[in-house]
Amino acid sequence: MRSTFFACLLLLISFSVAFGQRTPGLAGQWAGTLKLPNGGALPLLIAMQDANGRRTATLDVPSQGASGILVDQVLVRGDSVLLAINTIKARYAGRLSADGRQMQGFWRQNNARLPLTLVRSSVGAPPAAAAPATSGRPGAKQNRPQEPVAPFPYREEEVKFTNRAGGVTLGGTLTVPPGAGPFPAVVLLSGSGAQDRDESVFGHRPFRVIADYLTRRGIAVLRFDDRGVGQSTGNAKTATAGDYTTDAQAALAFLRTRREINGKQLGLIGHSEGGTAAIAAAGQPQGPAFLVLLATPGVPGPDLITRQALDQARLKTTNPKILAGVEQRQRNLLGIVQRIADNNAAQAQLVAALIPPIDLPPEQAAQIKAVAQGQAALMVTPAYRYLLNDNPQKTLKAVRCPVLALGGSKDLQVASCVNLPAIEKTLKAVPNRDVTVKELPGLNHLFQTANTGGVGEYAQLEETFSPTALKIIGDWVTEHTKR
């Protein structure tokens, strides 16, 4: 999920063992499943974009909580497609079917060569109008009834602004209510991974839905592409929540230059890792007048990631011994990353810890090692190391502005029952006297009304963002921006 917190939860291979352009257009969502040599399966989701003659793509591995992994190269020659993901040392070479709905080929990672068929689940960008309900058939359009439909009762403008400190230019969309203003405004900050301005994921565009709802209520909204995505410059592979903090500050500074915006009524709305960046920005000079934190971590990185692994594991088992093993192994892995600063040395130890101590045929052993090497590479990226070292209980102490913190009771990536109380306790101890914290029943990490809360549900759910959550956000922001 490109909008999920960059966790790379890594439900360990041992845990899996226990459970036994004028070439064809590629834009859209592609899905496939790698059949692992240990008998397990690893679903992969690839989102491809083709804008202004430039092809880009990101990879999600839902079962591991990894999202928005940048695909470094997308090459098309006739009906042949090559994808290169340098972060995890992976390549995919496939052949596009005549109808453009399927690719058949091989996934190569280190010494492993695994067959992989990718099926297009949606074509191009989600349509402006609601699409027909999905039938579950490959290539069927997904029903997204909340997708905003033109004409809009507000002004929409493509904008660019510069983060001089970071040396990047960021492209986005500013929506402004009708009239002269000045209007209160919010900046939307996306979750982990290489996200576009709409935080597009599985055919959903939650930030587009939020922007539409708030602008109709008289609140201007700025949403923008992450570094290295869409119209924004910069390197998505090396960016961390610390870099996104300076991008948030640049967005606030840009809004203060606009006549139609009330510079004293600017807020940040951060989702997941975007909330981490929002908290950090709120503790700096010229920070926001208010914060809305959506599924934002409130506990230290190691506790967050370990809880994520356990919650994902609980979807498959309630066996206390297996769960205890998952927790111990996860903390051991995190300990390796924390102790060893050298990436090569850390990866070597991670790979050794990830490979289950069982005898396998040479070919299967090599393939499992290749998968472990890919997982280890993810765990030493700058974004992952930053997450691991993050401690919201320290950064929240600098936040003096009003805060609304929301979480879903079925969020398996940033557990609301753990993180919301931590946010509330830390803020009120400051003391911050304007703190509202709410757990919303039945909502997942994307604030969809969910069944299990598992990442695999995200694409199947038609709801993009809970209307209940939208109203809570709109009411709270309106109350805190009264003139």
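This report describes a sheet, the helices packed on it and the nonpolar cores of a predicted model.

## Basis of the description

Local features require pLDDT of at least 70 and side-chain atom pairs pLDDT 80 or more, while totals for chains, interfaces and linings use all residues. Residues are numbered from 1 along each chain as its sequence is written, and side-chain values use heavy atoms, leaving out hydrogens and water.

## The sheet

Eight strands make up an open sheet with mixed pairing, in the order 10-11-13-12-14-15-16-17. Strands are DSSP runs of E with at least two residues, helices runs of H or I with at least four, both numbered from the N terminus; two strands pair if DSSP finds at least two bridges between them. Strand 10 (155-163) and strand 17 (435-440) are the edge strands, each pairing on one side only.

Strand 14 (residues 261-271) runs parallel to strand 15 (residues 290-294), and five bridges link this pair. Leucine 268 has leucine 291 of strand 15 as its bridge partner.

## A helix on the sheet

Helix 11 (residues 416-428) packs on the sheet and touches strand 15, strand 16 (403-408) and strand 17; contact means heavy atoms within 4.5 Å.

## The nonpolar cores

A nonpolar core is a set of buried (under 20% relative accessible area, 1.4 Å probe, protein chains only) Ala, Val, Leu, Ile, Met, Phe, Trp, Tyr and Cys residues joined through side-chain atoms within 4.5 Å. The largest has 37 residues, of which Val187, Leu222, Leu255, Leu268 and Leu291 touch the most other members. Helix 3 (residues 241-255) contributes the most to this core, with six residues.

A second, separate core holds 29 residues, including Leu44 and Leu378.

Definitions and conventions. Axes fitted to C-alpha atoms, helices over the stretch in contact; angles between N-to-C directions. Buried < 20%, exposed > 50% of the residue type's maximum accessible area, 1.4 Å probe, protein only.
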